[in-house]
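Thanks for coming. I have one structure to go through today, and I will keep it short. Please have a look at it first.

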Amino acid sequence: MKEQIQEQFKQRFGTDGVIYASAGRINLIGEHTDYNGGFVFPGAIDKYIMAEININGTDKVRVFSMDMDAYCEFGLNEEDAPQEQWARYIFGVCRETIKRGGTVKGFDTVFAGNVPLGAGLSSSAALESCFAFALNDLFNDNKIDKFELAKIGQSTEHNYCGVNCGIMDQFASVFGKKDCLMRLDCRSLEHEYFPFHPEGYKVVLLNSKVKHELVDSPYNKRRESCERVAATLGLDTLRDATYTMLADVRDKVSDEDYRRARFVIGEKQRVLDVCDALERGDYETVGRCMYETHDGLSRDYEVSCEELDYLNDVARECGVTGSRIMGGGFGGCTINLVKEDRYDNFIATAKEKFNAKYGHEPEVINVIISDGAHKVID
Ligand code: GLA
């Protein structure tokens, strides 16, 4: 990927630039908890967005996306926002950096990636984090701290892309560390690295290839439900909500909102339970929590789909230790924790059965927990 970017950059702009990359992510557990002030447990993966960038001495940004085979040019003022959705991610990062008092001047860039799009692996956060990190390095002497870089990406989603996401994806993409998952308290932003070497197990993703698109999806509606319940409880977020408190307002909230909040309250606790279980090497508990999360996301939070529920059923039949839909939902992948000696049978069975039912095989994605945003070449 690096060589192709370099070749394209040279051809298009006649110079060389600096190369940066940032990662997609998995999340072992803790879904839809970030915007509720709860805990998440993600890790960055070996799937990246990579960009070569060179300051061009003008007030224009000139961008070529290799994957889209598309070019776009825009200025750096608010009214210069491009129409193309893919370019708005980069424009948003520029604007959010400027809004925070940072410097951004014109630059040329070519970027490409191998984070599957719409698979729930946060390709958009990888793109935002790559550029937030790069602009900090190129124009701001790395003075913007890492949490602010993650927030620049998150605000880009809110203000330029229409997704009211939490902080998990951008956090994972910026803070990711090789071989470690990270537990983030999304209220205090305290975080802890957990070395993740599940001896005797593999983590594998199965991509249903049902495209998830969080823009205009019911994602924002889920967040609104949670906020309504929190307000009814007199709280800022559901972080401190309990089942008992929820039961007390049962008549004051809609059935749908009630079920959304019920999921979130359970999920907050599952993250803590999984972290404790991991420290004991108790993968059976980790797996059980993953199935509970799937059931909650499917029945109470209603962000699954038929294909993902089917992959989850097949995992259960094959004795997979833990399996669940991963990320925002509405399509994308399941994440599976599977004993090494059951892996081959699981993959073969899932491919065969899914193909028989839906006419295509799920894509098998093996991931390595890797570093987040970094400079690749000076
Ligand atoms: C998407 C959002 C995240 C998070 C997850 C669900 O990936 O970008 O902020 O809410 O969904 O856990």
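Across the interface of domain 1 and domain 2 in this predicted model, 20 residue pairs are in polar contact, both partners being at pLDDT 80 or more. Which elements give two or more residues to the side of domain 1 that touches domain 2? They are strands E1 (18-27), E2 (39-40), E3 (42-55) and E7 (180-185), together with helix H4 (146-161). E1 gives the most, with 3 residues. Sorted by class, that side of domain 1 has 15 nonpolar, 14 polar and 8 charged residues.

Now the salt bridges. The count between the two domains is 3.

Next, the domains themselves. Domain 1 covers 2-195 + 370-375, and domain 2 covers 201-366. Their C-alpha centres lie 26 Å apart. In the contact between them, 37 residues of domain 1 meet 44 residues of domain 2. The size of an interface is often given as the accessible area lost when the parts come together. Here the buried area is about 3,400 Å², and carbon and sulfur atoms give 62% of that.

Leaving out residues up to four places away in sequence, Ser298 touches Ser304 and Asp309. Asp255 lies in helix H8 (residues 255-280) and is partly exposed, with a relative accessible area of 42%. Between Asp255 and Leu181 there are 35 Å in space, C-alpha to C-alpha, and the two are 74 residues apart in sequence.

Note on methods:
Residues numbered from 1 in each chain as written. Predicted model: local features only at pLDDT ≥ 70, side-chain atom pairs only at ≥ 80, totals over all residues. Heavy atoms only, no water. Helix = DSSP H or I, 4+ residues; strand = E, 2+ residues; numbered from the N terminus. Buried < 20%, exposed > 50% of the residue type's maximum accessible area, 1.4 Å probe, protein only. Contact = heavy atoms within 4.5 Å. Domains from an automatic or database assignment. Buried area = accessible area lost by both parts, 1.4 Å probe. Salt bridge = Lys/Arg side-chain N within 4 Å of Asp/Glu carboxyl O. Polar contact = N/O pair within 3.5 Å; in protein donor to acceptor, adjacent residues only side chain to side chain. Nonpolar A, V, L, I, M, F, W, Y, C, P; charged D, E, K, R; others polar.
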